[in-house]
There are 2 protein chains.
Amino acid sequence: MRVRVLGSAAGGGFPQWNCGCDNCREVRRGSPRLRARTEESIVVSADSRSWFLVNASPDVRRQFESFPALEPGTRRGCPVDGIVLTNGDLDHCLGLLTLRESEPLAIYATSRVREGFKQDNVLYRTLERFPDQVTWHELPLGRAVSLASRDGTGSGLSLEAVAVPGKLPIHLETKVAPSAEDNVGLRIREESTGRTLAYLPAVAGPSSEIDDLTAADCIFFDGTFWSDDELSRQGLGTKRARDMAHWPVGGDEGSLKLLERMSGRRRVLIHINNTNPMLAEDSAEASAVRAAGVEIAYDGMEVDI
Amino acid sequence: MRVRVLGSAAGGGFPQWNCGCDNCREVRRGSPRLRARTEESIVVSADSRSWFLVNASPDVRRQFESFPALEPGTRRGCPVDGIVLTNGDLDHCLGLLTLRESEPLAIYATSRVREGFKQDNVLYRTLERFPDQVTWHELPLGRAVSLASRDGTGSGLSLEAVAVPGKLPIHLETKVAPSAEDNVGLRIREESTGRTLAYLPAVAGPSSEIDDLTAADCIFFDGTFWSDDELSRQGLGTKRARDMAHWPVGGDEGSLKLLERMSGRRRVLIHINNTNPMLAEDSAEASAVRAAGVEIAYDGMEVDI
């Protein structure tokens with residue numbers, strides 16, 4: 001199974017369009033300590049022929065162009081055989097509206113994520129221009145489904161959605177009641193080898209389901225914030241990491257302690273906010289991540305599982 | 001008055017994510033005959049301090065990063081003092097949802113364009129997270145309004161919206177009745193010099209209002225398609241330019257004939273579709289444009305008026 005990181009930043013990207021924090025100013029100056037990053041998204045393939053996009057970020061157009069395997073092979077054609085959504089955040093869904101040409105799309109999501117994007121959304125009409133423009137495949141919690149290749153021959157991959165602690169997307173807060181289907185982690189399995197990828201870009205805190213998911217051969221995990229008070233400490237807002245449903249990486253209670261214990265497999269932090277000090281490659285925080293045997297995702301990173 | 005072209009392509013960009021036409025394949029190969037382009041958008045300023053974004057494209061984040069004048073000057077801050085919309089197409093509005101951080105936004109649009117984006121759009125709730133997150137300024141047809149700088153000292157620019165032939169955005173087709181407010185051209189005037197920019201990125205065909213607008217010192221004009229049957233001729237679809245409300249540039253009835261007659265001012269074609277043969281700098285079509293005294297916009301182009 002081959003994974004290509006199309007984007008590794010949290011919502012707003014890195015640098016973030018409205019931010020003049022130390023990291024953002026330094027990356028704009030072209031510092032070698034920091035790499036610019038687009039918003040979190042990966043593609044996965046078992047055969048390097050059928051690719052599946054996980055999360056459709058607002059940067060999707062340039063992300064497709066960044067990876068030659070996603071060039072349209074025909075006069076017109078969608079570069080991916082399917083799109084998987086881990087939650088309904090606009091960071092993960094806005095790109096669907098960018099893909100509103102005359103191309104049929106296959107989208108895999110929980111029923112809650114599907115309805116949270118479709119219902120009361122007049123913009124979705126751009127994806128209803130012809131019959132079957134979008135085929136939704138429901139992701140039931142805890143049960144694997146096959147990912148279908150466009151030509152019907154099978155992709156060699158299956159996918160299981162697992163509820164993980166998270167929250168509703170901002171546009172649904174106070175409008176609908178939260179549900180276990182609002183935010184999922186994925187277990188993607190290559191059928192020929194049995195090897196697995198766990199993909200958890202948004203995790204609000206520990207849970208038994210996460211312990212189970214992290215038995216995978218490779219784990220991508222929420223790396224949004226280093227510390228709970230990261231924004232307020234930098235004078236950039238009052239919200240804490242936990243208010244935004246992201247488990248901080250650092251500290252005694254941080255997710256790095258969990259990841260450190262999972263030796264013998266690749267562990268990668270992704271969905272990294274522009275304020276996270278581990279973005280600077282020579283920072284103490286980046287050193288601590290490396291010392292724990294964990295990697296920090298960057299755009300263009302490839303992992304063979 | 002200073003104009004910076006942030007993006008010069010039509011919806012889908014160039015190369016277009018799902019397209020393998022001759023132009024798209026060649027620009028992906030890095031041919032010196034063709035430049036990649038993001039989706040149409042400009043910024044305008046009288047004082048190089050207060051900038052106004054015309055159309056918020058899906059590429060807005062990287063477009064801001066492409067122009068150092070738009071770096072946030074403070075710890076957090078919106079790089080532009082206001083955003084002007086010429087119609088409700090997602091090419092022009094989707095970027096508003098990318099700008100959904102904790103930044104107040106000032107948006108100038110006709111009431112129809114405003115309602116077409118706000119109404120029945122659950123995603124718009126991300127722009128209603130705090131009071132006055134968005135301040136809408138109504139653009140009445142045919143009457144100039146001042147563009148306000150954020151600090152209240154005045155921007156030195158005024159703006160008039162003029163109805164031009166166009167169409168409803170796709171997401172409103174068959175849902176609401178068309179109106180003269182659906183698609184406008186802009187006359188932007190520098191108050192200190194009286195110099196004017198006419199900005200018309202979508203024009204379905206000739207009209208007396210257009211003749212009036214084009215008395216400006218500089219004219220940006222719809223350059224989407226070269227010919228009416230451009231897509232079908234290349235095997236890329238059945239729609240004609242006129243079905244998409246774009247006046248072709250070439251031919252006896254083309255807009256280039258109009259622009260050619262307006263000598264003595266700068267005339268620039270923008271919003272160029274990936275299939276347009278004039279994108280190749282050594283093409284007969286690009287030569288014909290130059291021979292008419294007209295320019296072809298590219299990302300990063302600057303015009304002083």
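Asp228(A) counts as buried, because its relative accessibility of 13% falls under 20%. In this predicted model, Asp228(A) forms a salt bridge with Arg240(A), and the closest N and O atoms of the two are 2.7 Å apart. The pair joins distant parts of the chain, since Asp228(A) sits in the loop between β11 (218-222) and α6 (230-233) of chain A, while Arg240(A), 12 residues apart from it, sits in the loop between α6 and α7 (255-261) of chain A. Arg240(A) itself is partly exposed, with a relative accessible area of 34%.

Arg33(B) is partly exposed, at 29% relative accessibility. Salt bridges with shared partners also join Glu39(A), Asp59(A), Arg62(A) and Arg61(B) into one network.

The next topic is how the chains are arranged. Chain A can be laid on chain B with an RMSD of 0.0 Å by a turn of 180° and a shift of 0.0 Å along the axis, which is the relation of a two-fold axis. The same surface serves both copies, as 100% of the contact residues of chain A recur in chain B.

The contact takes 62 residues from chain A and 62 residues from chain B, and the two chains bury about 5,200 Å² between them, of which 52% is on carbon and sulfur atoms. On the side of chain A, the most area is lost to chain B by Trp17(A), Arg61(A) and Arg75(A), which together account for 20% of what that side buries. Between the chains there are 8 salt bridges, and Asp91(A) and Arg100(B) meet through their side chains in a salt bridge at 2.5 Å, N to O. The largest share of the side of chain A that touches chain B comes from α3(A), with 5 residues, and the residues of that side divide into 21 nonpolar, 19 polar and 22 charged.

Methods. Residues are numbered from 1 along each chain as its sequence is written. Chains are lettered from A and ligands numbered from 1 in the order in which they are written. This is a predicted model: local features need pLDDT of at least 70, side-chain atom pairs count only at pLDDT 80 or more; totals for chains, interfaces and linings use all residues. Side-chain values use heavy atoms; hydrogens and water are left out. Copies are superposed by least squares on the C-alpha atoms of residues with pLDDT of at least 70 in both. Contact means heavy atoms within 4.5 Å. Buried area is the accessible area (1.4 Å probe) that two parts lose on being put together, summed over both. A salt bridge is a side-chain nitrogen of Lys or Arg within 4 Å of a carboxyl oxygen of Asp or Glu. Helices (H or I, at least four residues) and strands (E, at least two) are DSSP runs, numbered from the N terminus. Ala, Val, Leu, Ile, Met, Phe, Trp, Tyr, Cys and Pro count as nonpolar, Asp, Glu, Lys and Arg as charged, and the others, Gly among them, as polar. Buried means under 20% relative accessible area, exposed over 50%, partly exposed in between (1.4 Å probe, protein chains only).
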